[in-house]
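Student: Before we discuss any assignment, show me the model, and then tell me what each label rests on.

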Amino acid sequence: MTESQRPSGEYPMYPSYGNGDAAYPPPPSYRPAQPIATGPGTTVWPGGNGADGHGGDGGPAFPPPAPQEPAAPRQRARRPVALLAAVAIAAAIVGGGTATVIGQLTGNSSNSASSVIPGTTVSQSSKGTVAGVAKAVSPMIVEINATSTAGESTGSGVIITSDGEVVTNNHVISGASSIKVTLSTGRTYTADVVGTDPDKDLALIKLQGASGLKTATLGDSSAVAVGDQVVAIGSPEGLTGTVTSGIVSALDRDVTVAKEDGSGQGQRGQSGGEQWPFEFGGRQFNGDTGESTTTYKAIQTDASLNPGNSGGALINMNGEIIGINSAMYSASSSSGSSSSSAGSVGLGFAIPVNTLKADLDTLRAGNGS
């Protein structure tokens, strides 16, 4: 073998391909790759990083990295996340608003709870319907039959405690020697007078031996507005549990009624076609009110009231008692005569329930009885 002599520091000189058997290195078995021109002044050799097919430092060539797609812009990657976040925020806001609305519709606020005496009200599914109010409240409305020396009278009442306290009008039980109360189930109790307040035409009676009764919810009459829908439940002409509906047609009507039973015309009149007399605007309706009278601010309604509705309930669409029905106008008896054909013409009056709530302690103490 012939050695090539070279000065120190020089690079080896390799013979060209094709110089015979002694050529070194031997020729490759494939055609050398051709350079790839990519632009002016730049040449890329396959399998190498430099122009000589080797790495830039003269080392062995490495294959170029596999081509990769450019990374998507960060904004595009974030867009679905941002959209989901926006949807989540919107859902939270809507959910909170819905909870607030439901809380307001169901009365689950501290203000409404403080102004309502606990009792049974309309279920959420039936709220706002006459049928729902009637179903919820009818069991708390009773029929009252009072017997006195002047005869018998029929009225209505509202159960406010589970042991049988019932609110009614004073004129329904005034002067009675015996009182019978019939529940919506048909069960009958004997009742005693606990207290009366003739100045407000209110009375409280107690059923003997009663327990576990469903009780009505006393609402807030200061929140009542003209045009509000209302339901009246009572026992007109002895028809227990009769339901009528209408609206509040006026507020703060000055209604004057008789304070005592006496033997005046129509003063026991809740049966036989007679009506309890009252006075409004200087005129007397349904007979003579007599000499001893009292005046109160009443809720006016066009819900049909007839003889026997006195002492029954005027109810809002949440099933809360907002008034105690006390008087009704009958055109056929406005001159003082009575007729069995007399009936409601859409002018009824109720004592505001806030008047009753303010008077309960007095009635329970037996004052005025």
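Tutor: Start with confidence: pLDDT is the predictor's confidence in each residue, from 0 to 100. This is a predicted model, in which local features need pLDDT of at least 70 and side-chain atom pairs count only at pLDDT 80 or more, while totals for chains, interfaces and linings use all residues. Residues are numbered from 1 along each chain as its sequence is written, and side-chain values use heavy atoms, with hydrogens and water left out.

Student: What is the average pLDDT of the chain, and where does pLDDT stay under 50?

Tutor: The average is 73, and 55% of the residues score at least 70. Residues 48–59 stay under 50, and the model gives that stretch 18 contacts (heavy atoms within 4.5 Å) beyond four places in sequence. Residues 333–341 are also below 50, with 19 contacts beyond near neighbours in sequence.

Student: How many helices and strands does the chain have?

Tutor: Five helices and 17 strands. Helices (H or I, at least four residues) and strands (E, at least two) are DSSP runs, numbered from the N terminus.

Student: Why is Ser153 called buried?

Tutor: Buried means under 20% relative accessible area, exposed over 50%, and partly exposed in between (1.4 Å probe, protein chains only). Ser153 has a relative accessible area of 1%, so it is buried. Ser153 belongs to strand E4, residues 151–159. A polar atom of its side chain lies 3.2 Å from the backbone oxygen of Val172.

Student: Why does Gly186 count as partly exposed?

Tutor: Its relative accessible area is 46%, so Gly186 falls in the middle class. Gly186 sits in the loop between strand E6 (178–182) and E7.

Student: Where is Asp252, and is it buried or exposed?

Tutor: Asp252 is in strand E11, residues 242–258. At 56% relative accessibility, Asp252 is therefore exposed. Asp252 also has a positive phi, about 60°, without being a glycine.

Student: How do you know that Ile351 is buried, and which residues does it touch?

Tutor: Ile351 has 2% relative accessibility and so counts as buried. Ile351 is part of strand E17, residues 348–352. Not counting residues up to four places away in sequence, Ile351 touches several residues, including Asn169, Lys200, Asp201, Tyr296 and Ile322. The C-alpha atoms of Ile351 and Asp201 are 8.4 Å apart, across 150 residues along the chain.

Student: What makes a set of residues a nonpolar core?

Tutor: The members are buried Ala, Val, Leu, Ile, Met, Phe, Trp, Tyr and Cys residues joined through side-chain atoms within 4.5 Å. The largest such core has 33 residues, of which Val137, Val158, Phe278, Ile321 and Leu356 touch the most other members. Helix H5 (residues 353–364) gives the largest share of this core, four residues. Another core of 16 residues lies apart from it, with Val181, Leu207, Ala210 and Leu213 among them.

Student: Which residues does Leu356 contact?

Tutor: Beyond four places in sequence, Leu356 is in contact with Val167, Leu202, Leu218, Ile324 and Leu363.

Definitions and conventions
A polar contact is a pair of N or O atoms within 3.5 Å; within protein, one must be able to donate a hydrogen and the other to accept it, and residues adjacent in sequence count only if both atoms are side-chain atoms.
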